Amino acid sequence: MKKTHNNIIDNIKKMEGEYISPFTIIRRKYMLPQLTKEILNGEIQVTIKTTHGDMIFKLFKKDIPKTVENFIIHAKNGYYNGIIFHRIIKDFMIQGGDPTGTGMGGESIWGDSFEDEFSMDYFHFYGALSMANAGLNTNGSQFFIVQNNHLDARTLEALERGGWPEEAVKGYAELGGTPHLDHRHTVFGQLLEGKETLEKIAAVETGTQDKPVEDVVIVGIEVK
């Protein structure tokens with residue numbers, strides 16, 4: 001992600017005073033896998049182990065296959081071991097996955113960048129695991145975890161007007177999140193356990209370019 005958010009509602013796309021959804025509006029019932037703690041068919045459980053504690057996620061392999069494959073193979077090969085969370089912004093997100101620790105490095109398992117995988121079933125709720133990028137179809141190895149846990153009523157109303165599915169708006173009302181990132185970054189996982197670890201990491205002291213003063217390190221990633 002290239003820009004720091006200041007206010008979520010100001011970052012939702014505006015046109016002539018109305019909030020415009022990044023989605024093609026299709027009126028149907030959405031069964032959002034992120035809103036259940038169960039490991040469903042086509043999902044994989046992983047544990048991101050850090051110097052500040054563990055976080056357990058489920059990954060949406062069936063629906064977001066290429067992004068999950070990239071993450072899983074990197075994890076199994078130890079690519080993420082010893083890498084820091086190089087950018088932390090409290091009440092927004094924590095970002096890692098760059099072996100250079102600068103936010104400028106990292107590559108996919110294929111070497112080149114790969115395409116986004118957007119879905120109307122996955123959103124940037126609190127605890128979402130999503131790909132960092134530098135624009136359309138520029139995914140490599142960097143990822144972030146959404147830590148914003150509150151959206152005000154005005155933002156939720158804007159989402160309703162903008163065409164976000166009713167189930168997604170309810171999810172944002174319950175969990176919080178960063179809806180301005182929907183369909184701009186690929187959501188491929190959701191936090192199941194380890195909220196206390198996410199909050200602990202988000203609260204660390206940061207300095208220049210939102211980099212922690214003391215390193216927060218990924219010890220390893222276990223795939224179940």
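**Entry 1: F85 and the cores**

I began with F85 and looked up its contacts (contact means heavy atoms within 4.5 Å): leaving aside neighbours within four places in sequence, F85 touches T50, M55, I94, Q95, G96, F143, I145, I201, P212, V216 and I218. A note to myself before going on: this is a predicted model, where local features need pLDDT of at least 70 and side-chain atom pairs count only at pLDDT 80 or more, while totals for chains, interfaces and linings use all residues. Residues are numbered from 1 along each chain as its sequence is written, and side-chain values use heavy atoms, with hydrogens and water left out.

Next I asked which residues have the most contacts inside the largest nonpolar core. They are F71 and F85, in a core of 42 residues. I wrote down what the term covers: a nonpolar core is a set of buried Ala, Val, Leu, Ile, Met, Phe, Trp, Tyr and Cys residues joined through side-chain atoms within 4.5 Å. Buried means under 20% relative accessible area, exposed means over 50%, and partly exposed lies in between (1.4 Å probe, protein chains only). A second, separate core has 10 residues, L32, L151, W164 and Y172 among them. In soluble globular proteins, nonpolar side chains tend to be buried together.

**Entry 2**

I then turned to the strands. Helices (H or I, at least four residues) and strands (E, at least two) are DSSP runs, numbered from the N terminus. I found that β5 is largely enclosed by the rest of the structure, because 5 of its 5 residues are buried. It pairs with β6 in the antiparallel sense over 4 bridges; two strands pair if DSSP finds at least two bridges between them.

The hairpin of β5 and β6 has 3 residues between the strands. D91 lies in this loop, between β5 (85-89) and β6 (93-96). Its phi is near 65°, a positive value in a residue other than glycine.

Leaving aside neighbours within four places in sequence, Q147 is in contact with I89, K90, D91, F92, M93, Y126, L198, E199 and A202. Q147 sits in the loop between β8 (143-146) and α3 (153-162). Its relative accessible area is 0%, so Q147 is buried.

Q209 belongs to the loop between α5 (195-202) and β10 (218-223). With a relative accessible area of 68%, Q209 is exposed. Although Q209 is not a glycine, its phi is positive, about 55°.

**Entry 2: β4 and its partners**

How many of the 7 residues of β4 are buried? I found 5, and strand β4 (residues 53-59) is mostly covered. Strand β3 (residues 44-50) pairs with β4 in the antiparallel sense over 7 bridges, and the two form a hairpin with 2 residues between them. In that pairing, T47 has I56 of β4 as its bridge partner. I also traced 4 antiparallel bridges from β4 to strand β9 (residues 187-193). There, K58 stands opposite Q190 of β9.

**Entry 3: helix α4**

In helix α4 (residues 166-175), I listed E167, A168, V169, G171 and Y172 as buried. The buried residues of α4 pack against α3. E167 counts as buried because its relative accessibility is 12%. I also checked E167 against D121: they are 46 residues apart along the chain, and their C-alpha atoms are separated by 9.5 Å. After α4 comes G176, with a positive phi near 80°.

**Entry 4: the cavity**

Last, I looked for cavities. On a 1 Å grid over the protein atoms alone, a cavity is a set of points where a 1.4 Å probe fits but cannot get out, and lining residues have an atom within 4 Å of a point. Grid points are joined across faces, edges and corners, and a volume is the space filled by probe spheres set on the points. I counted 1 cavity of 30 Å³ or more. The volume of the largest cavity is about 50 Å³.

Which residues line the largest cavity? They are E117, F118, S119, Y122, H124, D182, H183, H185 and V187. I sorted this lining into 3 nonpolar, 4 polar and 2 charged residues. Here Ala, Val, Leu, Ile, Met, Phe, Trp, Tyr, Cys and Pro count as nonpolar, Asp, Glu, Lys and Arg as charged, and the others, Gly among them, as polar.

Technical notes: On a 1 Å grid over the protein atoms alone, a cavity is a set of points where a 1.4 Å probe fits but cannot get out, and a pocket is an open set with protein on both sides within 12 Å along at least five of seven lines; lining residues have an atom within 4 Å of a point.
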